[in-house]
Amino acid sequence: MYVHLGQSVVLPEGEILGIFDLDNASWAYKTREFLDRAEREGRVVSVSEDLPRSFVLARRDGQETMIYLCQLSASALLRRTKSGML
């Protein structure tokens, strides 16, 4: 199955490591540090130009970990994984 994150970004469900609410997760210092480091390393992809509400942690091709910033809420993305929506 595939999960549509927004715009033209679709990920295989098996590559998704986690779906996180950006407001709740970014309170932790370690999470902010992780996101900042990933952005410096060029591993952050913004799926939309709107304000992101969640981020998806994914392992592309079993190698590099990528972070996708999404305008959809974490609960909406979770529903998409459960329903098999493209």
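Predicted model: local features only at pLDDT ≥ 70, side-chain atom pairs only at ≥ 80, totals over all residues.
View B. Which residues of α2 are buried? They are Thr-31, Leu-35 and Ala-38. Looking down the axis of α2, you'd find its buried residues within an arc of 65°, so they line one face of the helix. Turned away from that buried side is a face with the exposed residues Tyr-29, Lys-30 and Arg-40. As for what covers the buried residues of α2, the list includes α1 (22-25) along with the strands β4 (44-46), β5 (54-60) and β6 (64-70).

**View C. A closer look at Thr-31.** Thr-31 belongs to helix α2 and is one of its buried residues. A polar atom of the Thr-31 side chain sits 3.3 Å from the backbone oxygen of Ala-25. Leaving aside residues up to four places away in sequence, Thr-31 touches Ala-25, Ser-26 and Phe-55.

**View D. Gln-7 in its loop.** Here's a residue with a positive phi that isn't a glycine: Gln-7, at about 50°. You'll find Gln-7 in the loop between β1 (2-6) and β2 (9-12). Is Gln-7 buried or exposed? Its relative accessibility is 60%, so Gln-7 counts as exposed.

**View E. The four-stranded open sheet.** The strands run in the order β3-β5-β6-β4, and their pairing is mixed. At the edges stand β3 (16-21) and β4, each with a single partner strand, so one side of each has no neighbour in the sheet. On average, and ignoring direction, neighbouring strands of this sheet are turned by 20° against each other. Zoom in on β3 and β5 and you have an antiparallel pair with five bridges. Asp-21, for one, has Ser-54 of β5 as its bridge partner.

**View F. Helix α3 against the sheet.** Helix α3 (residues 74-83) packs on the sheet, where it touches β3, β5 and β6. The direction of α3 makes about 145° with that of β3. On the buried side of α3 you have Ala-74, Ala-76, Leu-77, Arg-80 and Thr-81. Seen down the axis of α3, the buried residues fall within an arc of 165°, so they line one face of the helix. What do the buried residues of α3 pack against? Their neighbours are β1, β3, β5 and β6. Over on the other side of α3, Arg-79 and Lys-82 are exposed.

**View G. Leu-69 and its contacts.** Leu-69 is part of strand β6. Not counting residues up to four places away in sequence, Leu-69 touches Val-44, Val-45, Ser-46, Val-47 and Ser-48, plus Pro-52, Ser-54 and Phe-55.

Conventions:
Residues numbered from 1 in each chain as written. Heavy atoms only, no water. Buried < 20%, exposed > 50% of the residue type's maximum accessible area, 1.4 Å probe, protein only. Helix = DSSP H or I, 4+ residues; strand = E, 2+ residues; numbered from the N terminus. Arc of directions from axis to C-beta. Contact = heavy atoms within 4.5 Å. Pairing = 2+ DSSP bridges. Axes fitted to C-alpha atoms, helices over the stretch in contact; angles between N-to-C directions. Polar contact = N/O pair within 3.5 Å; in protein donor to acceptor, adjacent residues only side chain to side chain.
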